[in-house]
Amino acid sequence: MQADVCTARGFGRAASPSGASTGIHEALELRDGGRKWGGKGVSKAVSNVNGKIARALRGFDVSDQRGIDSLLCRLDGTKNKSRLGANATTAVSLACAQCAASEEGVGLYRLLGGKKLPAPMLNVLNGGKHAGNGVSIQEFMVFPIHFSSFSEALRAGSEVYHSLRGIIAKKYGSQSTGVGDEGGFAPQCRSTSDALDLLERAISECGYAKKVKLAMDSAASSFYDGKTSSYKVDGKRMSSDELSDFYASLAKSYPIISLEDPFCEEAFSDFAHLRARLSGKVQVVADDLTVTNVERLSQAIECKSLSSLLLKVNQVGTLSEAISAAMLCRKNRLGVVVSHRSGETEDASIADIAVGLNCGQIKSGAPCRAERTAKYNRLLQIEEELPSDSFARASGIVL
Ligand code: 2PG
Ligand code: MG
């Protein structure tokens with residue numbers, strides 16, 4: 001859902017996205033329920049924006065982002081934004097930030113104070129809840145890191161994506177080149193290795209074997225069975241130890257350097273064991289485990305569960321809370337990957353946030369479909385405004 005904010009000198013517009021594989025600890029996205037729009041309507045959230053929120057914010061200084069966001073939190077008064085809806089608060093919080101930037105006549109990234117262009121993780125093969133192909137792992141991403149600029153890295157990712165299309169068409173037939181929620185292909189691979197083989201082939205066909213690495217988001221809560229405390233991957237049941245061995249052997253066979261949500265959203269210690277086991281080789285990224293929430297993140301830091309945080313503003317509901325999570329990571333020398341959602345919009349604020357917070361990494365889906373390319377296009381625009389040495393390369397990745 002989208003919100004507009006106007007002042008005498010500025011205007012800001014922003015939209016909150018939605019996710020298919022939401023973590024249970026995320027802030028609540030308020031939907032109407034009932035029959036209209038199949039229950040997915042957001043008229044309650046919209047009236048919260050036009051009513052309570054607009055009344056409270058009228059006359060407020062739009063450059064005081066912390067003040068605005070704590071007002072939103074107080075107004076909501078719940079732990080998970082369930083009264084106003086995190087979709088309402090996210091859209092307003094980001095629209096205020098965009099409005100403050102417009103008052104200054106600068107892009108949001110400049111207002112946030114950063115200038116590092118992130119390395120993109122491009123999700124080129126979709127599985128899990130983002131596709132209907134029976135592949136257990138949710139996201140298979142190419143990670144072009146050894147390039148001298150963002151645009152070169154993006155070009156390489158895009159070339160690999162198109163070469164992958166040809167390989168899939170040959171192997172599975174041209175009817176298999178339809179795409180999943182995040183713009184990646186969704187062929188009926190029989191196993192995780194099958195999917196990774198396709199990616200490796202596409203990368204080497206393009207001549208990037210040394211320069212483009214691989215990343216995965218397992219979104220393991222989606223194949224975790226709480227009753228038996230086991231995971232079902234590629235048709236096999238695995239204990240968390242077996243799953244850890246599975247990841248370790250994948251990391252041996254393929255150039256995987258980033259692994260997100262390898263275990264379910266409560267598995268702080270399984271994350272920690274894997275992080276230690278793969279230390280120096282693979283970054284372990286926490287998404288559903290930490291949900292961009294400082295409390296959950298502190299617990300994960302205490303348990304040494306992560307190397308990097310996946311940052312999604314709508315998981316927590318305001319920009320300031322997301323920035324606090326990023327700052328806590330910085331303090332603890334952890335990385336931050338700014339992320340889109342599977343149910344994205346044309347809003348490109350996450351591109352500015354990735355640069356503005358100097359995160360060094362972004363994931364925003366395949367180089368395909370306007371809601372994904374909007375973010376990459378915004379990064380290309382920002383690149384034109386920054387000095388030529390602003391690309392983070394591998395520097396934001398914490399192994
Ligand atoms: C994830 C996200 C984005 P969703 O799990 O990281 O890729 O998916 O928005 O469905 O939660
Ligand atoms: Mg994830």
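Does Asn358 count as buried, exposed or partly exposed, and what is its relative accessibility? At 29% relative accessibility, Asn358 counts as partly exposed, because that class lies between the 20% limit for buried and the 50% limit for exposed. The structure is a predicted model. Its protein chain holds 13 helices and 13 strands. The radius of gyration is 20 Å, close to the 21 Å that the globule rule gives for 399 residues, so the chain is as compact as a globular protein of that length.

**Overall form**

- The C-alpha trace of the protein chain spans about 60 × 50 × 45 Å along its principal axes.
- Of the 399 residues in the protein chain, 59% are buried.
- Taking contacts between residues at least 6 apart in sequence, 72% join residues at least 24 apart.

**Surface and charge**

- The protein chain has an accessible surface of about 16,100 Å², and carbon and sulfur atoms account for 49% of that area.
- There are 49 positive and 44 negative side chains in the protein chain.
- The centres of the positive and negative sets lie 1 Å apart.

**Aromatic rings**

- A pair of aromatic rings is described by the distance of the centres and the angle of the planes.
- The count of aromatic pairs in this model comes to eight.
- In the pair formed by Phe246 and Tyr247, the ring centres are 6.0 Å apart and the planes stand at 50°, so the pair is tilted.
- Phe246 and Tyr247 are both buried.
- Ring pairs also join Phe246 and Tyr247 into a cluster with Phe223, Tyr224, Tyr231, Phe263 and Phe271.

**Two residues with positive phi**

- Thr292 is a residue other than glycine, and its phi has a positive value near 50°.
- The loop that contains Thr292 runs between strand S10 (283-286) and helix H9 (294-302).
- Thr292 has 0% relative accessibility and therefore counts as buried, the limit for that class being under 20%.
- Asn358 is not a glycine either, yet its phi is positive, at about 55°.
- Asn358 sits in the loop between helix H12 (349-356) and strand S13 (360-363).
- Thr292 is thus a buried loop residue, whereas Asn358, with its 29% relative accessibility, is a partly exposed one.

Conventions:
Residues are numbered from 1 along each chain as its sequence is written. Chains are lettered from A and ligands numbered from 1 in the order in which they are written. This is a predicted model: local features need pLDDT of at least 70, side-chain atom pairs count only at pLDDT 80 or more; totals for chains, interfaces and linings use all residues. Side-chain values use heavy atoms; hydrogens and water are left out. Helices (H or I, at least four residues) and strands (E, at least two) are DSSP runs, numbered from the N terminus. The radius of gyration is taken over C-alpha atoms; the globule rule is 2.2 Å times the number of residues to the power 0.38. Buried means under 20% relative accessible area, exposed over 50%, partly exposed in between (1.4 Å probe, protein chains only). Contact means heavy atoms within 4.5 Å. Accessible areas come from the Shrake-Rupley method with a 1.4 Å probe; for residues, only the protein chains shown count as cover. Lys and Arg count as positive and Asp and Glu as negative; His and the chain ends are not counted. The place of a charge is taken as NZ of Lys, CZ of Arg, CG of Asp or CD of Glu. Rings of Phe, Tyr and Trp (its six-membered ring) pair if their centres lie within 6.5 Å; planes under 30 degrees apart count as stacked, over 60 as edge-to-face and the rest as tilted.
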